[in-house]
Amino acid sequence: MNRVYITRRETFNAAHKLWQPNWSDEKNQEVFGACSNKNWHGHNFTLFVTVSGAPDEATGFVMNLKDLSTLIRREVIDHLDHKNLNLDVPFLTGIMASTENLAIAIWNILSPKIAGFGAELEKIKLVETENNFVEYYGNKKPF
Ligand code: NI
């Protein structure tokens, strides 16, 4: 099979704080630094969703990127954009609002839906700042 990888980029902004309620204020400050600020802080996130498959004979597409964009927006971006990750997002309830955990949650939402289009989710890349980003490959080995 001619496996080709395609990627759609989407953006959103959201507020959060990193705060472990089982710890003292001092320990939260020590571990999370400025990210533990009680009154929140925000990021402009960039999300890259990579899927793979064989190009369709008729369209030449692995998956129509317009469909992928619509799916990501409807299932993920609409629930995160201009929201507080700690308070407003049902699929993050009870989960530490780190970029790592957000990438896993996004994978779990999108993976079965992408399979419905005959493609396979390969990677979630979530860029939090210019210098910090995370990548999640499900339980697959990336390379
Ligand atoms: Ni942060």
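What share of the contacts in the chain with a separation of 6 or more is accounted for by residues 24 or more positions apart? With contact meaning heavy atoms within 4.5 Å, residues at such separations account for 67% of these contacts.

The structure is a predicted model in which local features need pLDDT of at least 70 and side-chain atom pairs count only at pLDDT 80 or more, whereas totals for chains, interfaces and linings use all residues. Residues are numbered from 1 along each chain as its sequence is written, and side-chain values use heavy atoms, with hydrogens and water left out.

**View 1. Overall arrangement of the chain.** The chain has three helices and five strands, where helices (H or I, at least four residues) and strands (E, at least two) are DSSP runs numbered from the N terminus. Along the sequence these elements follow the pattern β-α-β-α-β-α-β-β, and the C-alpha atoms fill a box of roughly 60 × 30 × 25 Å, taken along the principal axes. Of the 143 residues, 40% count as buried; buried means under 20% relative accessible area, exposed over 50%, and partly exposed in between, with a 1.4 Å probe and protein chains only.

**View 2. The nickel site.** The nickel ion is coordinated by the NE2 atoms of H16, H41 and H43, at 2.0 to 2.1 Å. Donors are N, O and S atoms within 2.8 Å of the metal (3.2 Å for Na, K and Ca), and the site may look incomplete because water is not among the atoms. Along the chain the donors follow the spacing H-x24-H-x1-H, and H16 in strand β1 is linked in this way to H43 in strand β2 (residues 41-53), 27 residues apart. Both of these histidines are buried, H16 with a relative accessible area of 1% and H43 with one of 12%.

View 3. E128 lies in the loop between β4 and β5. A salt bridge is here a side-chain nitrogen of Lys or Arg within 4 Å of a carboxyl oxygen of Asp or Glu. The side chain of E128 does make a polar contact with the side chain of T99, at 2.7 Å. Such a contact is a pair of N or O atoms within 3.5 Å; within protein, one atom must be able to donate a hydrogen and the other to accept it, and residues adjacent in sequence count only if both atoms are side-chain atoms. Not counting residues up to four places away in sequence, E128 touches H16, H43, N44, F45, T99 and F133.

**View 4. Salt bridges between elements of the chain.** The count comes to nine salt bridges. In one of them, E10 pairs with R73, the closest N and O atoms being 3.1 Å apart; E10 lies in strand β1 (residues 4-16) and R73 in helix α2 (residues 65-80), so the pair ties together parts that are 63 residues apart in sequence. E10 is buried at 6% relative accessible area, whereas R73 is partly exposed at 42%. K140 forms a salt bridge with E122, with a closest N to O distance of 3.3 Å, and this pair links the segment after β5 (133-136), which holds K140, to strand β4 (residues 120-127), which holds E122, across 18 residues. K140 is partly exposed at 29% relative accessibility, while E122 is buried at 11%. R3, E120, E122 and K140 are linked in a network of salt bridges.

View 5. The largest nonpolar core. A nonpolar core is a set of buried Ala, Val, Leu, Ile, Met, Phe, Trp, Tyr and Cys residues joined through side-chain atoms within 4.5 Å. The largest such core has 32 residues, and L47, V49, L110 and I114 have the most contacts inside it. The elements giving two or more residues to this core are β1, β2, α2, α3 (99-115) and β4, and α3 provides the largest share, eight residues. Surroundings of I6. I6 is in strand β1 and is buried, with a relative accessible area of 16%. Apart from neighbours within four places in sequence, I6 is in contact with V49, T50, V51, V62, M63 and L65.
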